[in-house]
Amino acid sequence: MATLLQSIQTLIDNITVTDRQEENIKQSLSNIAGYLTDFENGLSVERTFTNGSYERDTNIRPLDDIDMFAVLKLDDWKDEYGNLPNPQSVLTKFKNYLDCLKDYKGKVSQNRPCVTIELSNKSFDILPSFEQATGGYLIPNYDLKSWTYSYPERLTTNLDSIHKLRNYKVKPTIKAVKYWNRENNKLIPFYHVEEVAISTFQ
């Protein structure tokens, strides 16, 4: 009979993304990034990077959303007075552009405050952002009328540090809690599970 720890490890193995799924995700991300950074599309995307549970290796099967930041060139978007555009106008431009592409036609929607591409059994949430010299990024506020600060890389760095400190057991623990959470109708936001784990294991 399997021990409790062995049973937990089996559960984690069963809900962890497979190598084949990982390669599929990477290919999709590469394709999306290529379209977004195309200098002829008028979006002025300087670079992209992944974030969220995928980037932090705490995502579980079946796959949910995969987060991608699209970092915009500030000088190309601000007006003559240095003001940023309305977030909704930026999201609309992203949505219209992606929906015109053959690969994503009819698969694009706005999912506040990002643009979502639905591909087979997974979705990609694209978040327009402006990198700040003082650190962090400005992203669309939930009201879609203003911009708010976000520090996506800080959570990733903190989690990686704690994961290493605790003999690489923190991320599997988070996956198990996320599985329990999903089976109980997502009582807790996934990002909050990670924040609590960092605080607890620190």
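User: Which element gives the most to the lining of the largest pocket?

Analyst: Strand S2 does, with five residues. Before we go on, keep in mind that this is a predicted model. A pocket can be read by its space, its lining residues and the elements that supply them. Here, the largest pocket holds about 1,100 Å³ of space, and 44 residues line it.

User: Which residues lie nearest the centre of the largest pocket?

Analyst: Look for Asn51, Gly52, Arg56, Asp67 and Tyr191. As for the elements, at least two lining residues each come from helix H3 (52–55), strands S2 (65–72), S4 (114–119), S5 (122–131) and S7 (147–150), and helices H6, H7 and H8 (190–201).

User: How many residues of each class are in that lining?

Analyst: The lining of the largest pocket has 20 nonpolar, 11 polar and 13 charged residues.

User: Okay, and what lines the second largest pocket?

Analyst: You'll find Leu5, Ile8, Gln9, Ile12, Tyr168, Lys169, Pro172, Thr173 and Ala176 there. The space in this second largest pocket is about 210 Å³. Helix H1 (4–15) and H7 each supply at least two of its lining residues, and H1 gives the most, with four. By class, that lining comes to six nonpolar, two polar and one charged.

User: What is Ala176 in contact with, leaving aside its neighbours within four places in sequence?

Analyst: Ala176 touches Ile12 and Ile15. Ala176 itself is part of helix H7.

User: Now helices. What describes two packed helices?

Analyst: You give the angle between their axes and the distance between the axes. Take helix H6 (residues 152–165) and helix H7 (residues 170–183): they pack at about 110 degrees, and their axes are 8 Å apart.

User: Why are H6 and H7 called roughly perpendicular?

Analyst: Angles of 65 to 115 degrees count as roughly perpendicular, and about 110 degrees is the angle here, so H6 and H7 get that label. On the H6 side, the contact is made by Leu159, Asp160, Ile162 and His163, and on the H7 side by Val170, Lys171, Pro172 and Ile174. Five of these contact residues are nonpolar, one is polar and two are charged.

User: At what angle do H7 and H8 pack?

Analyst: About 140 degrees, with the axes 10 Å apart. That makes H7 oblique to H8. The crossing of these two helices is right-handed. H7 brings Val170, Thr173, Ile174, Val177, Lys178, Asn181 and Arg182 to the contact, while H8 brings Phe190, Val193, Glu194, Ala197 and Phe201. Sorted by class, the residues where H7 meets H8 are seven nonpolar, two polar and three charged.

User: Last topic, the backbone. Which residues does a cis peptide bond with omega of about -10 degrees join?

Analyst: Arg61 and Pro62. Pro62 sits in the loop between H3 and S2. The peptide bond from Arg112 to Pro113 is cis as well, with omega near -5 degrees, and Pro113 is in the loop between strand S3 (108–111) and S4.

User: What about phi? Where is Leu144?

Analyst: Leu144 is in the loop between strand S6 (137–140) and S7. Leu144 has a positive phi of about 65 degrees, although it isn't a glycine.

Notes. Residues numbered from 1 in each chain as written. Predicted model: local features only at pLDDT ≥ 70, side-chain atom pairs only at ≥ 80, totals over all residues. Heavy atoms only, no water. Axes fitted to C-alpha atoms, helices over the stretch in contact; angles between N-to-C directions. Parallel < 35°, antiparallel > 145°, perpendicular 65-115°, else oblique. Contact = heavy atoms within 4.5 Å. Nonpolar A, V, L, I, M, F, W, Y, C, P; charged D, E, K, R; others polar. 1 Å grid on protein atoms, 1.4 Å probe; cavity = no way out; pocket = protein on both sides within 12 Å on 5 of 7 lines; lining within 4 Å. Points joined across faces, edges and corners; volume = space filled by probe spheres on them. Left-handed = near helix turned anticlockwise from the far one by under 90°.
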